[in-house]
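Trainee: I want to learn how to read aromatic pairs. Please walk me through a case.

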Amino acid sequence: MKRRFTLIELLVVVAIIAILAALVLPSLNKARERGRTATCTSNLRQLGYAVASYLQGSRGIYPKAALNTTPSFRWWQKDAPLPAYFGYDRWEDARYAAWDAKNVLNCPASDYRGSDGFYDYIANKHLLNTWETTRRLWTSEQMVPHPSSTLLFFDRGGSYWGIARFHEYIGADAPDIWTGRHNGGFQCLWADGHVSWRKMGNLKKEEFGPAY
């Protein structure tokens, strides 16, 4: 006669499975976050390669992040200088493009998919100038003596439109500018091309580069 499991034995097995799951799931979540962070790092590096390629053909002048011209553009749009360097020069506008997890503009850890565009990174307005600049029309590599500690792009928090200077980063718009989606911090691309993690709100004024 076959022996059957008693109710107590079944409950013990279920308890053991629950304990094992509780031990394994945090490790799986950490592994998934490491994968998302790695993808985000790769995205930012590709943006860095795009800027470096542009600089080679512009005599070291950084591209514009936005212009209030006809047509006007933001840095991720078709008429801007950068998209051609990371393969999206045929986009009319990022907001009309279907969301794609492999898109270099998308951080896989982001849950923001607003109507103002599918992009998750903010450009440093101190380097990638806009029409709002009154003190200078452009920024050159020679004006950035410490590229390894000068910000170029970083994780975008929410609805902010993708370009920020230091005073906006610490001002009323701050909640939409920076985010803690990577273990309570965010990813930064620096002017020398390397990517590093920083705590939320922990960037310094001098890390934005030349005065805007």
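Trainee: Is phenylalanine 154 buried or exposed?

Mentor: This is a predicted model. In it, phenylalanine 154 has a relative accessible area of 0%. Buried means under 20%, so phenylalanine 154 is buried.

Trainee: How is a pair of aromatic rings described?

Mentor: Two values do it: the distance of the centres and the angle of the planes. Now the case here. The count comes to 3 aromatic pairs. One of them joins phenylalanine 154 and phenylalanine 186, with 6.0 Å centre to centre and 55° between the planes. That pair is tilted.

Trainee: Where in the chain do these two residues sit?

Mentor: Phenylalanine 154 is in strand E4, residues 151-155. Phenylalanine 186 is in strand E6, residues 185-190.

Trainee: Which pair does phenylalanine 154 form with phenylalanine 208, tilted or edge-to-face?

Mentor: Check the angle. The planes stand 80° apart, and the centres are 6.4 Å apart. Over 60 degrees counts as edge-to-face, so this pair is edge-to-face.

Trainee: Which residues do the ring pairs link into a cluster?

Mentor: Phe154, Phe186 and Phe208.

Terms used: Residues numbered from 1 in each chain as written. Predicted model: local features only at pLDDT ≥ 70, side-chain atom pairs only at ≥ 80, totals over all residues. Heavy atoms only, no water. Phe/Tyr/Trp six-rings, centres within 6.5 Å; stacked < 30°, edge-to-face > 60°. Helix = DSSP H or I, 4+ residues; strand = E, 2+ residues; numbered from the N terminus. Buried < 20%, exposed > 50% of the residue type's maximum accessible area, 1.4 Å probe, protein only.
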